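Here is a note for someone opening this entry for the first time. The points go from the whole chain to single residues.

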Amino acid sequence: MLYGGSRSGKTFLLTHALIVRAAKVPGTRHLIVRHRFAHVKSSIWYQTLPDVLKINGIKATENKSDWFMTLPNGSEIWVGGLDDKERVEKILGNEYSTVYFNEVSQIGYDSITVGLTRLAEKSTLINRAYYDCNPPSPLHWAHKLFIEKVDPKGGEPLAKPELYAHMLMNPHDNAENLPDDYIENVLATLPERARRRFLLGEWVKAEGVIYEGFSDSHIVTREEIPPIERHVVGLDFGLNTAAVLVGFAGDNIYVIDDHGTYNATASAFNAEIWERWGNYDIVYCDPAGGERIQEIAYGDKANNSVDPGIDNINAAIDGGRFFVCEDAHGVLSEIYDYRRDDKERVVKENDHFMDAMRYGIFSEAQYGEVLAGYVEI
Ligand SMILES: Nc1ncnc2c1ncn2[C@@H]1O[C@H](COP(=O)(O)OP(=O)(O)OP(=O)(O)O)[C@@H](O)[C@H]1O
Ligand SMILES: [Mg+2]
């Protein structure tokens, strides 16, 4: 993984390495993925790839219906987004020698684990996964995996830490390819946290953080959670399906655990959460889930009012009534980066567990008392 400040040459270097591998062994396949297809298209397909091919003197032919390039030796470079179901099926139908996850601050760990299963092409190359990012918060899975060398889900030390290498690259290292005033007049003048992230490449909390009052002091162990009166689950459908188990004890709210998958059916996901948690009282589901809600045992439509839902959780945080168990790795990997942009819109990135958590907590606050009368406990 290359991480660090803005415009430091991370993407250029990894794309170059990927092209060298493709050029070296004929007929191999390589994939560059990003959170959104529109972004991989504008930044990689139309900018970095042509630049890198040019300096290597390689002419590739383009296929713009399936979005791959073929090098003269028959090797293929595919690009894809993780946000588009149909293309994801197609991309994941192939096997690759290199999978490069571009800007992983925006990608959930569940998608990474699925993407890695496709790193299975047999050739003389040693298969490799590349990653890059502007560092998000230190609780992001990429920090756990590459810097702390622990499993992002379970927290145990990695069995083979030597497989996970990282390097910091900052814009100063790439000064010769940047406009003269970019570092001094643009990056150095950013607000404090953005400057640390984009100039110095430090892992810091984002700006505009939504649950600003949340801190490590709200994280509890499983043993510290008191007897729970009611268990509810919040569930967010999508290519990334995420569920969060929430317990209520008096006025206190405990986020007990979470579970996510990438590209699974609703019924398979239902079986997984039932096996993990069973016996919850209700599952508040993303109302956009449509018919999928019927596949979920005890499923009901969640209240999806975003701002009131966020306010409700913030009130609990400020009131000292909100706790997250250390086992809830998905929630903890998103909560410090969940933020608004400069137009005050919630940034829809790496937010699946945040949505699921809000569905569970706010819907319960809205309907819980009415439902408690007739849902079997
Ligand atoms: N070795 C190189 N030769 C020529 N140009 C380069 C080289 N490395 C990087 N560049 C140029 O520097 C600029 C920044 O590079 P790149 O996009 O790889 O940075 P990055 O670290 O991925 O930035 P971001 O954090 O914005 O994703 C680009 O215009 C790229 O073409
Ligand atoms: Mg980049």
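1. The radius of gyration used here is taken over C-alpha atoms, and the globule rule is 2.2 Å times the number of residues to the power 0.38. For the 377 residues of this chain the rule gives a radius near 21 Å for a compact globule; the chain has 22 Å, which agrees. The model is a predicted one. Along its principal axes, the C-alpha trace spans about 70 × 45 × 40 Å.

2. The protein chain holds eleven helices and 15 strands. Of its 377 residues, 42% are buried. Contacts between residues at least 6 apart in sequence were also sorted by separation: 68% of them join residues at least 24 apart.

3. How is the protein chain divided into domains? Domain 1 covers 2-198 and domain 2 covers 216-372. Their C-alpha centres lie 30 Å apart. In the contact between them, 17 residues come from domain 1 and 14 residues from domain 2. On the side of domain 1 that touches domain 2, helix H3 (85-92) and helix H4 (109-116) each supply at least two residues. The largest share of that side, three residues, comes from H4. By class, this side of domain 1 has seven nonpolar, six polar and four charged residues.

4. Which residues of H4 are buried? They are Tyr-109, Asp-110, Ser-111, Ile-112 and Gly-115.

5. Eight strands make up an open sheet with mixed pairing, in the order S3-S4-S5-S2-S6-S7-S1-S8. Strand S3 (61-63) and strand S8 (167-168) stand at the edges; each has a single partner strand, so one side of each is left without a neighbour in the sheet. Strands of a sheet pair through backbone hydrogen bonds, in either a parallel or an antiparallel manner.

6. Thr-61 is placed opposite Thr-70 in S4. The loop between S3 and S4 contains Trp-67. Trp-67 has a positive phi of about 60 degrees although it is not a glycine. Is Trp-67 buried or exposed? It counts as buried, because 20 C-beta neighbours lie inside 10 Å, and 20 or more is the cut-off for that class.

7. Strand S6 has parallel partners on both counts listed here: four bridges join S2 to S6, and four bridges join S6 to strand S7 (residues 128-133). Val-33 stands opposite Phe-101 in S6, while Tyr-100 stands opposite Tyr-130 in S7. As for side chains, Thr-98 and Tyr-100 point one way from S6, Val-99 and Phe-101 point the other way, and all are buried.

8. Asn-263 is found in the loop between S12 and helix H8 (266-277). With 16 other C-beta atoms within 10 Å, Asn-263 is partly exposed.

9. Asn-304 is found in the loop between strand S14 (299-301) and helix H9 (306-318). It counts as partly exposed, because it has 18 C-beta neighbours inside 10 Å. Setting aside neighbours within four places in sequence, Asn-304 is in contact with Pro-287 and Tyr-359. Asn-304 and Gly-108 are 196 residues apart in sequence and 22 Å apart in space, C-alpha to C-alpha.

Conventions. Residues are numbered from 1 along each chain as its sequence is written. Chains are lettered from A and ligands numbered from 1 in the order in which they are written. This is a predicted model: local features need pLDDT of at least 70, side-chain atom pairs count only at pLDDT 80 or more; totals for chains, interfaces and linings use all residues. A residue is buried if 20 or more other C-beta atoms lie within 10 Å of its own, exposed if 12 or fewer, and partly exposed in between; C-beta atoms are placed from the backbone. Two residues are in contact if their C-beta atoms, placed from the backbone, lie within 7 Å. Domain bounds come from an automatic or database domain assignment. Ala, Val, Leu, Ile, Met, Phe, Trp, Tyr, Cys and Pro count as nonpolar, Asp, Glu, Lys and Arg as charged, and the others, Gly among them, as polar. Two strands pair if DSSP finds at least two bridges between them.
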